[in-house]
Amino acid sequence: MLDFNNECIPVDPNDVPVKILRTGDKIPVIGLGTFGSDRFTSEQIANAVKDAIGLGYRHIDCAEVYGNEKEIGRALKEVFESGLCKREELFITSKVWNDRHSEVALACQESLENLQLDYLDMYLVHWPFPNYHAPGCDGDSRNPNSKPFSVEQFMNTWRQMEELVKSGKVRNIGTSNMTIPKFEKVLPLMDILPAVNEMEIHPCFQQRELFDYCVNRQILPIGYMPIGSPNRPLRDKAEGDAIDIEMPQIKDIAEKHGVHPAVICIKWAMKNGHITIPFSVHKHKITSNLKASFEHPLTNEEYNSINECECGSRLVKGQVFLWEGANSWKDLWDEDGEIVN
């Protein structure tokens, strides 16, 4: 039986590796994700944020659409007032949601007020188009106002993002859920380049081409769903989806290390060289994920074995964002190398 009390001993934040952004800012290689409103209350997630900071996390990944920034803001206020850590010791991200692309400054200010912060370390364009779906909708839902990707529309949003940096409200800006064809169209037009691209990365879906494209342009990849999110919303589940923590290679290595397969997925992310943002509300899992960022790294042989899990299993397909005339969710991801209109 696992000794959870022993597993929940706080980690020295200085033991957690960091990466350097193009601005020179440091970002811890592991952060706490806060998307879990389909299974947990906002208060539970806010409490997880407090627990995580107490256990040694210094990187928290938030978003307006997660619906819990007010609660997280109260939790952060308690953390700062308690003296547990200072604001400048944390790296806090939020994201502008699709229906706010024309009012980025207002959306950012609302996130700042909800989080009770004066600035954000990172602000992302959550999706590269303003296609909106109602919270909690099912996978078959479609919004008749959805449109294909537009360079002009995206750049209008990005110009507003750049103004946030100039105003001091945001230290870094980045993208999420982008593709190479979209990057090719917009990167030459940007005055301030993205510091990061948040994207789905796990052993069964490694996105090597996009990963390398970003790294070669000083855009740090941040991988969401690092263990394959077996408890993700039903709308994001489909027949044939791989389950990373059940892959034989990962289970074998986990048994050798004496840890849960999820921990091996985190160790793989560290060896792979990207930032990762696992989510949990359970203190022992929060702690074991953090320790995985620096304790007992994978050998090259183990890492190469896990690389063989790649099977192209995209879990977040984004079908709720499809526009009239689109063929399938694959149109969102420009899989043939061209932007689909």
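The questions below concern a predicted model, taken element by element.

Me: Which residues of strand β6 are buried on each side?

Reply: In a regular strand the side chains alternate between the two faces of the sheet. Strand β6 spans residues 122-125, and both of its faces are covered. One side buries Met122 and Leu124, and the other buries Tyr123 and Val125.

Me: What is the handedness of the crossover from β5 to β6?

Reply: Strand β5 (residues 91-96) runs parallel to β6 and is joined to it by four bridges. Within this pairing, Thr93 lies opposite Met122. The chain passes from β5 through helix α4 (residues 104-115) to β6, and the β-α-β crossover is right-handed.

Me: Which residue of β7 is the bridge partner of Tyr123?

Reply: Strand β7 (residues 173-176) pairs with β6 in the parallel sense, over three bridges. The partner of Tyr123 in β7 is Ile173.

Me: Why do the buried residues of α7 line one face of the helix?

Reply: Helix α7 (residues 208-215) has Leu210, Phe211, Tyr213 and Cys214 as its buried residues. They line one face because, seen down the helix axis, they fall within an arc of 165°.

Terms used. Residues numbered from 1 in each chain as written. Predicted model: local features only at pLDDT ≥ 70, side-chain atom pairs only at ≥ 80, totals over all residues. Heavy atoms only, no water. Buried < 20%, exposed > 50% of the residue type's maximum accessible area, 1.4 Å probe, protein only. Helix = DSSP H or I, 4+ residues; strand = E, 2+ residues; numbered from the N terminus. Pairing = 2+ DSSP bridges. Right-handed = clockwise from strand over helix to strand, strands pointing away. Arc of directions from axis to C-beta.
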